[in-house]
Number of protein chains: 2
Amino acid sequence: MKFFEEVRVGDSYELGRYTFGAEDIKNFARRFDPQLFHVDEDAAAQSHFGALCASGWHTAAAWMRLWVNYQRHRTEASQARGEPVPGYGPALGFRELKWLKPVYVGDTIAYRSEVIESRVSESRPGFGLLTIRSTGVNQNGEMVISFLSTTFVERRPGKP
Amino acid sequence: MKFFEEVRVGDSYELGRYTFGAEDIKNFARRFDPQLFHVDEDAAAQSHFGALCASGWHTAAAWMRLWVNYQRHRTEASQARGEPVPGYGPALGFRELKWLKPVYVGDTIAYRSEVIESRVSESRPGFGLLTIRSTGVNQNGEMVISFLSTTFVERRPGKP
């Protein structure tokens, strides 16, 4: 885990991969997005998607899961080395969330986040703000989701 | 269900309410956002939130569920009257998604969507584009989530 001062624009995080199985897609969609092309293979085959595909909110939530896991591993690694752990978050929201391609059954999405802007917070002394672009790319190299987020990161104690 | 020509800027949809129970909050967060303040009451009490609260993605997904239900009821009502049903969607993405206040256990969020812009699609003949502002307000009148979306809506057949 890095304090604000050690984060550079261009730093990127390979968060890992998430494979969307048919039951996982349908379970999520039954609860939160029960459009036919997310819950029924036959209806999906007749839709403009042509086959069962994941809710966009599912594709976004999978990023969140991998992001939390990644930050947790970094925190634990810092703690294991006896290093201080900076405070992160919360996220203030998301911008420009785009679902660029459908995510079909069996697709494996590789998620990645990259720091694209860094500035000191004026509202919250002791913290910086990072703007992060996150993307998901399928096994064919096609980007399926993209969004921007801004999150607080603690500054190293003792810095002016 | 209305075709593009019958939708007016300012039209609004009261989508209904969603109450966030503790188990629902924890079940969602265990799968998609396992930060301690979303999955553990004691840890949440020690966090800056002060109590267990829902993942922001859960708050957004609950909107999606109510939106799909609402559109389905409108579609079924049109069909019951023997009226033609316009094609809707898909959503292209979301913008300016803001989590403005935490959603705590027992909070009931009233979701509402309002058309704020309307224009003919240049890329997809026969369709218009609606920009919609969606919000969730808790039982104390505080807005907890807000975002913009743009979605395709079919034009009435036979219109130039």
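The exercises that follow concern a predicted model.

**Exercise 1.** Determine the order of the strands in the open sheet and identify its edge strands.

*Solution.* Step one is to read the order across the sheet of 10 strands, which is 1(A)-3(A)-4(A)-5(A)-2(A)-2(B)-5(B)-4(B)-3(B)-1(B), with antiparallel pairing. Step two is to look for strands that pair on one side only: these are strand 1 (12-19) of chain A and strand 1 (12-19) of chain B.

**Exercise 2.** Describe how strand 2 of chain A is joined to strand 2 of chain B.

*Solution.* Next, locate a facing pair: Phe94(B), in strand 2 of chain B, stands opposite Leu97(A).

**Exercise 3.** State which strands helix 4 (residues 56-80) of chain A lies across.

*Solution.* Begin with the strands: the helix lies across strand 1, strand 2 (88-99), strand 3 (108-120), strand 4 (127-137) and strand 5 (143-154) of chain A. Then take the direction: helix 4 of chain A runs at about 125° to strand 1 of chain A.

**Exercise 4.** Characterise the side of chain B that touches chain A.

*Solution.* Start with the number of residues in the contact: chain A and chain B provide 19 residues each. Next, find their sources: helix 1 (22-32), helix 4 and strand 2 of chain B each supply at least two residues of this side. The largest share, eight residues, belongs to strand 2 of chain B. Last, sort this side of chain B by class: 11 residues are nonpolar, two polar and six charged.

Notes
Residues are numbered from 1 along each chain as its sequence is written. Chains are lettered from A and ligands numbered from 1 in the order in which they are written. This is a predicted model: local features need pLDDT of at least 70, side-chain atom pairs count only at pLDDT 80 or more; totals for chains, interfaces and linings use all residues. Two strands pair if DSSP finds at least two bridges between them. Helices (H or I, at least four residues) and strands (E, at least two) are DSSP runs, numbered from the N terminus. Two residues are in contact if their C-beta atoms, placed from the backbone, lie within 7 Å. Axes are lines fitted to C-alpha atoms, for helices over the stretch in contact, and angles run from 0 to 180 degrees between N-to-C directions. Ala, Val, Leu, Ile, Met, Phe, Trp, Tyr, Cys and Pro count as nonpolar, Asp, Glu, Lys and Arg as charged, and the others, Gly among them, as polar.
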